[in-house]
Amino acid sequence: MATGISGACEQCDWFYLGTGYPEVTKAYHDHLREEHPRTWLRR
Ligand SMILES: [Zn+2]
């Protein structure tokens with residue numbers, strides 16, 4: 001069963017659909033770094 005892995009941002013309506021957790025996690029971090037730098041730095 002190959003299902004997509006989805007990721008969503010809690011602070012905006014950003015949504016990402018990928019094929020694996022590493023891909024989705026990377027995309028989410030890239031999103032945070034570019035769109036919510038303060039949140040990203042706070043991690
Ligand atoms: Zn966002």
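Modeller: We can. This is a predicted model. Take Ala-8, which counts as exposed because it has 12 C-beta neighbours inside 10 Å, and a residue with 12 or fewer falls in that class.

Biologist: In which element is the place of Ala-8?

Modeller: Ala-8 sits in strand S1.

Biologist: Which residues is Ala-8 in contact with, leaving aside its neighbours within four places in sequence?

Modeller: With that exclusion, Ala-8 contacts Trp-14 and Phe-15. Ala-8 and Asp-30 are 22 residues apart along the chain, and 13 Å separates their C-alpha atoms.

Biologist: How do I read the pairing of strands? In what sense do S1 and S2 pair, and over how many bridges?

Modeller: Strand S1 covers residues 5-8 and strand S2 covers residues 15-18; the two pair in the antiparallel sense over 4 bridges. Bridge partners show how the strands line up. Ile-5 has Gly-18 in S2 as its bridge partner, and Ser-6 stands opposite Leu-17 in S2.

Biologist: How many residues lie between S1 and S2?

Modeller: There are 6 residues between them, and the two strands form a hairpin.

Biologist: Now the whole chain. What pattern does the chain follow along the sequence?

Modeller: Reading along the sequence gives β-β-α-α, from 2 helices and 2 strands in total. The C-alpha trace spans about 35 × 20 × 15 Å along its principal axes.

Biologist: What share of the 43 residues in the chain is buried?

Modeller: Buried residues account for 0% of the 43. Contacts can be sorted by sequence separation as well. Of those between residues at least 6 apart in sequence, 7% join residues at least 24 apart.

Biologist: And confidence? Which element of the chain has the lowest mean pLDDT, and which the highest?

Modeller: Helix H2, residues 37-42, has the lowest mean among the elements, at 85, while S2 has the highest, at 96. For the chain, the average pLDDT is 91, and 93% of the residues score at least 70.

Methods: Residues are numbered from 1 along each chain as its sequence is written. This is a predicted model: local features need pLDDT of at least 70, side-chain atom pairs count only at pLDDT 80 or more; totals for chains, interfaces and linings use all residues. A residue is buried if 20 or more other C-beta atoms lie within 10 Å of its own, exposed if 12 or fewer, and partly exposed in between; C-beta atoms are placed from the backbone. Two residues are in contact if their C-beta atoms, placed from the backbone, lie within 7 Å. Two strands pair if DSSP finds at least two bridges between them. pLDDT is the predictor's confidence in each residue, from 0 to 100.
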